[in-house]
Amino acid sequence: MSSSTNTVCKSHNARSSWLAALVGALCLVAASDAQVGELRVPSRVVAGTSISIPTTGSGTGTFYLVGPSAATRRDVDLGQQISVPSEDLRSAGRYVGILCADTCGSVEFFVMPAKPVSLTFLVHPSRAPVGQNDVISGVALPFDEFRNQVVAPVTVNFQLTAGSSSPMSHSVSSQNGIAWFRANSGKSAGALQVVASLRDASARRIVQQVASDPCNLRIKGQRTAKGIMVETEPVRDCAGNPVPDGTVVTFTAKGGKEASTVDAPIKQGIARAHMTAAGPVSISAASGVVMGNELHLGAQ
Amino acid sequence: MKIALPIIIVAMTILLLFAGLTEAGRSIGTVGIASGSALPGLTDSGATPEQALGSFLSDVQRRNWGPAFSRVEKTNDAMNEQGFIQEWIGSNGGLRSFSNLETYEMRPLHATDSEAQMRVRLHWATPVGPVDDVRDFHLVHRDKWKVVWDEGPAPNLPSQVISVNYLRWDLVTGTAGEEWGSRNVDAPHVRITSMNAVDTAEGTVVMGEVVNEDTIPAFVNVNATLVDASGSAIDEESSFDKILHVLLPKQVSPYRVDFPHVGLSKVKNVRMDVKATLVPASSDPVIGAMNQKLETDAQGRAVLHGDLLNQSGRTVNIPHVIASFYDNSGKVVWVSDGYVESALLPQASEPFAVEIPKSLAGKVQNFHVVVNQYSLQKS
């Protein structure tokens with residue numbers, strides 16, 4: 001992937017107009033009588049490694065290095081190696097090295113990301129109802145130690161573990177620096193641990209698998225001295241998971257032209273409400289868009 | 001002449017002032033309706049029922065409790081001046097505690113030599129906007145006309161211990177640092193289950209219901225944008241206070257978005273947008289809406305009334321009732337709301353009433369009431 005191109009003032013083979021303008025300007029201000037030969041860089045440059053660029057001729061010159069995140073300038077002796085320290089090559093991307101003496105020459109080269117050492121991992125959603133297809137998705141982006149995104153294909157291993165069940169693994173090769181997966185939610189409510197790992201790097205996220213809509217919502221009730229005490233049976237979803245406490249169950253009691261309603265939260269699996277109605281009533285329950293059974297109670 | 005002109009001017013001024021003050025009640029509004037907001041110290045004595053009630057309400061308006069109470073004919077010996085004052089200024093941080101009687105309109109219902117019945121529309125200025133209260137007063141003639149006050153003192157709440165094991169949701173900020181993707185908690189899933197746009201005399205009204213489908217509480221707001229035939233937005237409004245903002249898991253709330261002065265005929269499309277944010281919340285207090293009944297009140301208005309019952313141990317300072325009304329196909333045909341002026345004490349009940357347009361009353365087959373609550377103490 002690494003490549004380099006050379007530009008010398010007199011050859012006018014600059015690939016881009018801004019580079020041609022820069023080289024031209026530098027040629028105009030060059031005061032030395034030294035000649036700059038062709039610059040050569042190693043065929044593969046990895047982020048965070050130093051390189052040496054051999055030069056020809058004699059005398060002194062000025063070396064410019066323009067990279068994605070910084071530009072440097074220094075005086076160099078022609079005929080010696082120009083040593084570019086690793087700190088100047090931490091960012092992956094396109095670099096231009098320009099050496100000016102009597103004339104100017106330049107070289108373009110690309111710095112590749114180093115080996116991946118960390119993963120950025122995004123999992124969506126943070127809560128997922130149980131028993132849903134393709135509801136969980138995860139995206140992992142490998143980065144090297146200098147936070148360059150590693151675009152070369154690497155294999156990321158995704159591991160999903162819910163409760164005490166055996167982990168489910170899935171290896172994915174990244175494309176253009178991204179590895180991703182989709183998965184169904186499990187049958188049981190609880191925390192789903194999702195780990196993305198790549199060599200020594202790993203990132204962990206938690207998806208809370210929550211009960212789905214209530215299923216077979218059933219109520220029972222009886223008259224008391226103060227009115228009617230009505231309560232649900234333990235509220236569960238269709239997979240048998242208890243619906244979380246705090247979920248609202250709306251009780252409606254209808255008798256004649258009168259109605260009474262109470263929005264009661266589930267506590268310890270059961271929603272209870274106290275209602276007032278003297279005559280015969282029909283009591284129903286609903287939670288969200290789910291309806292329960294109807295209960296008929298005679299007059300007090 | 002030098003002295004005569006000032007004397008004439010002063011005399012005329014006094015005469016006009018006197019005439020203006022004595023005739024004020026009869027000079028404003030519809031014939032037969034007296035309006036009030038009398039000047040301090042210049043109220044009528046009570047030669048007629050109108051004058052007596054006007055003086056009484058003027059004193060109440062100015063919070064001259066002594067003179068006001070002296071114009072009262074008590075029917076309940078337990079009633080004292082303190083209870084009378086509390087009846088007017090509210091207590092326990094209820095809406096009435098923050099309200100002022102702005103104006104009133106009196107209308108005689110019937111009168112004889114010894115007694116009279118007056119209907120008064122009291123206009124209150126409150127933090128939630130103007131609130132009108134219609135009240136019938138009975139007056140009797142003793143040595144002068146007096147207002148019969150048959151309200152008993154507020155029942156004393158007995159000391160009691162109420163065990164509460166309510167649920168609440170708190171938000172915990174993760175400690176995973178600034179790593180991207182490590183602190184994400186999704187916003188609650190909230191869905192608009194129904195929407196209906198209707199044309200009214202005041203403009204277009206968009207209403208319906210919204211449900212929190214998630215397992216966590218949500219702070220919800222519904223916005224609507226009216227779009228014309230060319231695709232341009234005509235107006236954008238939010239549900240403001242006509243929605244139960246904090247929705248617990250699986251809770252359903254009506255919403256209503258008003259577009260004053262925008263006719264539905266101009267509207268080609270309505271764009272709905274529901275915004276939900278994760279918030280800390282408590283499932284306490286539980287408030288039941290009991291004995292709801294759709295009736296026509298004494299003024300001929302269609303009103304849904306009932307009683308709110310606070311089933312928990314915490315005072316609800318300002319209860320707010322929001323009701324959705326359905327036709328026989330289950331479509332929401334109207335949403336209306338109303339604030340209850342008295343605080344809702346623990347294990348106690350308070351009446352409520354919300355009005356619906358008379359034209360819609362015949363269509364209504366069913367209704368659903370939710371109760372919003374504002375409490376001074378932190379939940």
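These legends describe close-up views of a predicted model. Local features need pLDDT of at least 70, side-chain atom pairs count only at pLDDT 80 or more, and totals for chains, interfaces and linings use all residues. Residues are numbered from 1 along each chain as its sequence is written, while chains are lettered from A and ligands numbered from 1 in the order in which they are written.

**View 1. Chain A and its strands.** Chain A has one helix and 25 strands. Helices (H or I, at least four residues) and strands (E, at least two) are DSSP runs, numbered from the N terminus. Of the 300 residues in chain A, 37% are buried (20 or more other C-beta atoms, placed from the backbone, within 10 Å of the residue's own).

**View 2. Domains of chain A.** Chain A is assigned domain 1 (4-112), domain 2 (118-210) and domain 3 (214-297); such bounds come from an automatic or database domain assignment. Five residues from domain 1 of chain A and four from domain 2 of chain A make up their contact (C-beta atoms, placed from the backbone, within 7 Å).

**View 3. Where chain A touches chain B.** Chain A gives 29 residues to this contact and chain B gives 30. Strands E9 (118-124), E22 (258-267) and E23 (270-275) of chain A each supply at least two residues of chain A's side. E22(A) gives the largest share, nine residues.

View 4. E22(A) pairs with strand E16 (residues 287-296) of chain B. The sense is antiparallel, over three bridges; pairing takes at least two bridges found by DSSP. A:Thr261 stands opposite B:Ala289 in E16(B).

Notes:
Two residues are in contact if their C-beta atoms, placed from the backbone, lie within 7 Å. A residue is buried if 20 or more other C-beta atoms lie within 10 Å of its own, exposed if 12 or fewer, and partly exposed in between; C-beta atoms are placed from the backbone.
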